[in-house]
Amino acid sequence: MFFHKKKVEPIKKTKAELFKEYTMKALFITLGAFITAAALETFLLPNNIIDGGVIGISMMLHYITKWNLGLIIFCINIPFILLAIKKLGLKFVLQTFFATGMLAIATNVFHGFHVTEDLILSAIFGGIILGFGVGLILRNNASLDGTEMLSITISKKLRIVSVGELLMIINLFIYTGAGFLLGWD
């Protein structure tokens, strides 16, 4: 009786408010993709430092084939994006598709730039900058990595392991593969 809450109807937004909201999301997702690409292309990739997930797999394929990193990231993410439509919603998937496309473009913008050859500085600054870019994208309801979407889907279905634990298991295999490909240093 005392704790009964009234049902609150969602506030309807005008077309102008929706346009502004989506424009700001697109702007921040684009900014996050460019920040992520800067970390990948200027710190990590030139120093053979691997990221996890689809980006890490793409980096290893880039080392082997010398194909365009952005194109590899985009192509490998497509099956994961399509898998996520039912489980994570069309809005999230469209924003993720946009974020992945922006990352593919941004890696080409920063390709060839090299900031430092110091591995520790590259790992620290590359990780911080990469984390900031990915965080900006996640904060705006999108993702750059298909393994995150796969982990969310599997975790919802199995309910045995958390999303973080699944990501850790997937990344363990990726880093092991990177160790064999690039050396353990």
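## Close-up views of a predicted all-helix model

**Figure 1. Lining of the largest pocket.** In this predicted model, 13 residues line the largest pocket, and Asn48, Ile49, Gly183, Trp184 and Asp185 lie nearest its centre. Two elements give two or more residues each to this lining: helix H5 (119-139) and helix H7 (163-182). H7 gives the most, with four residues. The space in the largest pocket comes to about 290 Å³. Sorted by class, its lining holds eight nonpolar, four polar and one charged residues.

**Figure 2. The second largest pocket.** About 160 Å³ of space lies here. Its lining includes Asp51, Gly52, Gly53 and Ile55. Leu130, Val134, Leu144, Asp145 and Thr147 also line this pocket, as do Glu148, Leu167 and Asn171. Helix H2 (53-65), H5, helix H6 (146-158) and H7 each give two or more residues to the lining. By class, the count is five nonpolar, four polar and three charged residues.

**Figure 3. Glutamate 148 and its partners.** Glutamate 148 sits in helix H6 and is one of the residues lining the second largest pocket. Its side chain makes a polar contact of 2.6 Å with the side chain of serine 143. With neighbours within four places in sequence set aside, glutamate 148 is in contact with Leu138, Ser143 and Leu167. Leucine 167 is 19 residues away along the chain from glutamate 148, and their C-alpha atoms are separated by 6.8 Å. Leu167 also belongs to the lining of the second largest pocket.

**Figure 4. The largest nonpolar core.** This core has 25 residues. Which of them touch the most other members? They are Leu40, Ile55, Met59 and Leu103. Helix H1 (15-44), H2, helix H3 (69-88), H4, H5 and H7 each supply at least two residues of the core. H1 gives the most, with six residues. Another core lies apart from this one; six residues form it, among them Ala84, Phe92, Val93 and Met149. Ile55, a member of the largest core, also lines the second largest pocket.

**Figure 5. Contacts of methionine 59.** Methionine 59 is among the residues of the largest nonpolar core that touch the most other members. Beyond its neighbours within four places in sequence, methionine 59 is in contact with Leu40, Leu44, Leu45, Ile49, Ile50, Asp51 and Leu69. One of these contacts, Leu40, is likewise named among the core residues that touch the most other members. Ile49, also in contact with methionine 59, is one of the residues that lie nearest the centre of the largest pocket. Asp51, a further contact, lines the second largest pocket.

**Figure 6. Glutamine 95, buried or exposed?** Glutamine 95 is a residue of helix H4 (residues 90-110). Is glutamine 95 buried or exposed? Its relative accessible area is 10%, under the 20% cut-off, so glutamine 95 counts as buried. Not counting residues up to four places away in sequence, glutamine 95 touches Lys25, Ile29, Asn140, Asn141 and Ala142. Asn141, one of these contacts, is taken up in the next view.

**Figure 7. Two residues with positive phi.** Asparagine 141 is not a glycine, yet its phi is positive, near 60°. Its place is the loop between H5 and H6. Asparagine 141 is partly exposed, with a relative accessible area of 32%. Arginine 159, also not a glycine, has a positive phi of about 60°. Where does arginine 159 lie? It lies in the loop between H6 and H7.

**Figure 8. The whole chain, for orientation.** The protein has seven helices and zero strands. From the N terminus on, its elements run α-α-α-α-α-α-α. Along the principal axes, the C-alpha atoms fill a box of roughly 65 × 40 × 30 Å. Of the 185 residues, 39% count as buried. Among contacts with a separation of 6 or more, 71% come from residues 24 or more positions apart.

Definitions and conventions
Residues numbered from 1 in each chain as written. Predicted model: local features only at pLDDT ≥ 70, side-chain atom pairs only at ≥ 80, totals over all residues. Heavy atoms only, no water. 1 Å grid on protein atoms, 1.4 Å probe; cavity = no way out; pocket = protein on both sides within 12 Å on 5 of 7 lines; lining within 4 Å. Points joined across faces, edges and corners; volume = space filled by probe spheres on them. Nonpolar A, V, L, I, M, F, W, Y, C, P; charged D, E, K, R; others polar. Buried < 20%, exposed > 50% of the residue type's maximum accessible area, 1.4 Å probe, protein only. Contact = heavy atoms within 4.5 Å. Polar contact = N/O pair within 3.5 Å; in protein donor to acceptor, adjacent residues only side chain to side chain. Core = buried A, V, L, I, M, F, W, Y, C linked by side-chain atoms within 4.5 Å.
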